[in-house]
Amino acid sequence: MSKHEEEEEEDIVCLDESFFINDDYQITDFTFGTHVLQLYCLQSSSTDFDLTGQLVWPGAVLLNDYLTKNANMLQGCSVIELGSGVGITGVLCSRFCREVVMTDHNDEVLKILKKNIKLQESSDDSMCCTELKAEKLEWGNSDQLNCILQGHPKGFDLVLGADIYILVDLSPTALIVFFCFQQANVPLLFDTVEQLLRDRDQSKCKFILAYVSRAKVMDVMVIDEAIRHGLQINEVSGTRRIIKHLEGVIFEITTNY
């Protein structure tokens, strides 16, 4: 190796993965109807766009508002949430459901999710009575999903998801990469949803999706993928509204049988 190459190698800075991770979590209060939830979360995102689950996004607020107003659909149900992030929806569901399983694919996000489960367990709130579980689940990964289903042989009554594919404010180059990443994940999401819906008595299981529009191509893709997977997707009447300057809506997705 030449002296010039040695000098260049010495100039290379190796960054530990922690450089990209912001874990300055703060306990934050969220109110939905009469329910006040306390969770650890970030106020701004990490450098790594795959860590969007450290924040509470508008879709989660939209979904929690909807569930609070329609709590009867949660009573006594078993629920699995996809892309749980910090767990704000799962924690709300724990006040009504008999079983709540929250999932995420990112190990760093799973850490904060489990931290929030411990926070609920230590709470004096008598309404936090259902045991919360956190599981790793990468969409399209049948092995991980089958492992979860082995522990829940009767399946789940409800599948929930909120803002689980989002576009964030990145540089033009990074935005293109992230957008392609998100597009590739939509079919995998519906692979997982289809398996969950068909695993259960098909007349009793549905996927409730809180969707926030950020790109028209994604709006079309979500609907097209649901149909391509043999699922029926319907907008829930009266749920379309503006939230954080974006248009959001609740979809109910079921099998065609």
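Visitor: Is Ser123 buried, partly exposed or exposed, and what do those words mean?

Guide: Buried means under 20% relative accessible area, exposed means over 50%, and partly exposed is in between, using a 1.4 Å probe and protein chains only. Ser123 has 32% relative accessibility, so the residue counts as partly exposed. Before we go on, this is a predicted model, where local features need pLDDT of at least 70 and side-chain atom pairs count only at pLDDT 80 or more, while totals for chains, interfaces and linings use all residues. Residues are numbered from 1 along each chain as its sequence is written, and side-chain values use heavy atoms, with hydrogens and water left out.

Visitor: Where does Ser123 sit?

Guide: Helices (H or I, at least four residues) and strands (E, at least two) are DSSP runs, numbered from the N terminus. Ser123 is in the loop between helix H4 and strand E5 (132-136). Ser123 and Gln38 are 85 residues apart along the chain, yet their C-alpha atoms are separated by 9.2 Å.

Visitor: What about the chain as a whole?

Guide: The protein chain has 7 helices and 10 strands, and 50% of its 257 residues count as buried. A contact means heavy atoms within 4.5 Å. Of the contacts in the chain with a separation of 6 or more, 69% are between residues 24 or more positions apart.

Visitor: Which residues is Asn116 in contact with, beyond its neighbours within four places in sequence?

Guide: Leu39, Tyr40 and Val86. Asn116 lies in helix H4 (residues 107-121), and the residue counts as buried because its relative accessibility is 1%.

Visitor: How do I read paired strands?

Guide: Two strands pair if DSSP finds at least two bridges between them. Here strand E1 (residues 26-32) and E2 run antiparallel, joined by 7 bridges. Gln26 stands opposite Cys41 in E2. The two strands E1 and E2 form a hairpin with 2 residues between them, and Gly33 in the turn has a positive phi of about 60 degrees. Strand E2 (residues 35-41) is mostly covered, with 5 of its 7 residues buried.

Visitor: Why would anyone point out a positive phi?

Guide: Most residues other than glycine have a negative phi. Now look at Lys244, whose phi is near 55 degrees, a positive value in a residue other than glycine. Lys244 is in the loop between strand E9 (241-243) and strand E10 (246-255), and counts as exposed because its relative accessible area is 64%. His245 lies in the loop between E9 and E10, and has a positive phi of about 65 degrees although it is not a glycine. At 80%, His245 is exposed.

Visitor: How many disulfides are there?

Guide: A disulfide is a covalent bond between the sulfur atoms of two cysteines. The rule here is a pair of cysteine sulfur atoms within 2.5 Å. By this rule the count is 0. For Cys205, the nearest cysteine sulfur is that of Cys77, 9.6 Å away. Cys205 is buried, with a relative accessible area of 3%, whereas Cys147 is exposed at 52%.

Visitor: And how do I read a pocket?

Guide: Rolling a probe the size of a water molecule over the atoms shows where empty space is left. On a 1 Å grid over the protein atoms alone, a pocket is an open set of points where a 1.4 Å probe fits, with protein on both sides within 12 Å along at least five of seven lines; lining residues have an atom within 4 Å of a point. The second largest pocket is lined by 13 residues, and Phe30, Val56, Trp57, Val61 and Lys244 lie nearest its centre. E1 and helix H2 (58-69) are the elements that give two or more residues to this lining.
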